[in-house]
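Dear colleague,

Please find the structure below, with its sequence.

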Amino acid sequence: MTSEVFSYESLVHAVAGAVGSVTAMTVFFPLDTARLRLQVDENRKAKSTPAILADIVKEEGLLAPYRGWFPVICSLCCSNFVYFYCFHCLKTCWLKGKQSAPSTDLVIGIAAGIVNVLVTTPLWVVNTRLKLQGSKFRSADIQPTNYSGILDAFMQIIQDEGVGALWNGTFPSLLLVLNPAIQFMIYEGLKRQLRRGVPRELSSLEVFMIGAIAKAIATTVTYPLQTIQSILRFGQFNTSAGKSKLLTSVRTIKSLLVNRMRKYGMLGLFKGLEAKLLQTVLTAALMFLLYEKITSYTFRAMGLSNSHLRKH
């Protein structure tokens, strides 16, 4: 059991997933900037992604779309390392060499996601604040922040809002473990369908397409909760003090969802979806492509390519 938990193979998957995600996010980072602005700035009109980016560059400078890149990349690297490691470690322990199934992939994905959320939420809270710092908002209610970096943001949040603020948005994040779980279930299922029982290496186009399809479905299904998650992480909202943290979280999520629907209708829950889909689908497709190539080359160098394909 110990050898399965601390295996070299799981480490290869974790490093490949982290490197692939960091590279892909760097390429498509401006699209994520446009998506985040639309989610947290309620008074900003929902325009096309190029129009939003043009406004940001015009108002805030050429480098504004890459504001907060470093903390996001740090968070993403840690997050994907933890997720890929847990996913493949749990899969190895559960299957013990047997063929996987969609239901198994979903359960393992949810378990890996829960571990990932609990470990990395503070990093995502800080990077959301840093990414939006210095932005020009349409909403007058948003208060400006002044963080000099990642460590300073951690210290200020703890001093001003308490340690618990670092886990803002944890409850919707736990619900959102369905996003990567659904993504991996569809991705692994499509891989098995394309291979049809034959342990072959998929082409770059096949990996790119199934990665894009899996992420598009997962993102569309969970997008309203992603919007609430971004608002909670940003910290610019009022919550009523209550005895139960869980009950307060549920009430906050319900209140934010209802208020958004009252203001903008059902489509208000999907504000920024175009930018999110454009960014996340391309990012996930490129990430899976790089991930598969890195793991394939690494296992081939180790002389494990055939056994690696049979397991997956």
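The axes of helix 2 (residues 8-27) and helix 12 (residues 273-301) approach to within 7 Å, and they cross at roughly 145°. Please bear in mind that this is a predicted model. The crossing of helix 2 over helix 12 is right-handed. On the side of helix 2, the contact involves E9, V12, H13, A16, G17, V19, G20, S21, T23, A24, M25 and V27. These meet Q279, T283, L286, M287, L290, Y291, I294, T295, T298 and F299 of helix 12. Sorted by class, the residues of this contact comprise 12 nonpolar, nine polar and one charged.

A second helix pair is described in the same terms, since two packed helices are characterised by the angle between their axes and the distance between those axes. Helix 5 (residues 69-95) packs against helix 9 (residues 178-195) at an angle of about 55°, and their axes lie 13 Å apart. Helix 5 is therefore oblique to helix 9. The crossing of these two helices is right-handed. Helix 5 contributes Y83, F84, F87 and K91 to the contact, while helix 9 contributes P180, A181, F184 and E188. This contact of helix 5 with helix 9 contains six nonpolar and two charged residues, with no polar ones.

I turn now to the two individual residues.

D32 is located in helix 3 (residues 29-40). Is D32 buried or exposed? With a relative accessible area of 6%, D32 falls under the 20% cut-off and is therefore buried. Setting aside neighbours within four places in sequence, D32 is in contact with M25, K131, K276 and Q279.

T121 belongs to helix 6 (residues 102-132). T121 has a relative accessible area of 1%, so this residue is buried as well. Which backbone atom does the side chain of T121 reach? The side chain extends to the backbone oxygen of V117, at 2.6 Å. When residues up to four places away in sequence are left out, T121 touches N116, L166, W167, N168 and T170.

In summary, the notes cover the right-handed crossing of helix 2 and helix 12, the right-handed crossing of helix 5 and helix 9, the buried residue D32 and the buried residue T121.

With kind regards

Key:
Residues numbered from 1 in each chain as written. Predicted model: local features only at pLDDT ≥ 70, side-chain atom pairs only at ≥ 80, totals over all residues. Heavy atoms only, no water. Axes fitted to C-alpha atoms, helices over the stretch in contact; angles between N-to-C directions. Helix = DSSP H or I, 4+ residues; strand = E, 2+ residues; numbered from the N terminus. Parallel < 35°, antiparallel > 145°, perpendicular 65-115°, else oblique. Left-handed = near helix turned anticlockwise from the far one by under 90°. Contact = heavy atoms within 4.5 Å. Nonpolar A, V, L, I, M, F, W, Y, C, P; charged D, E, K, R; others polar. Buried < 20%, exposed > 50% of the residue type's maximum accessible area, 1.4 Å probe, protein only. Polar contact = N/O pair within 3.5 Å; in protein donor to acceptor, adjacent residues only side chain to side chain.
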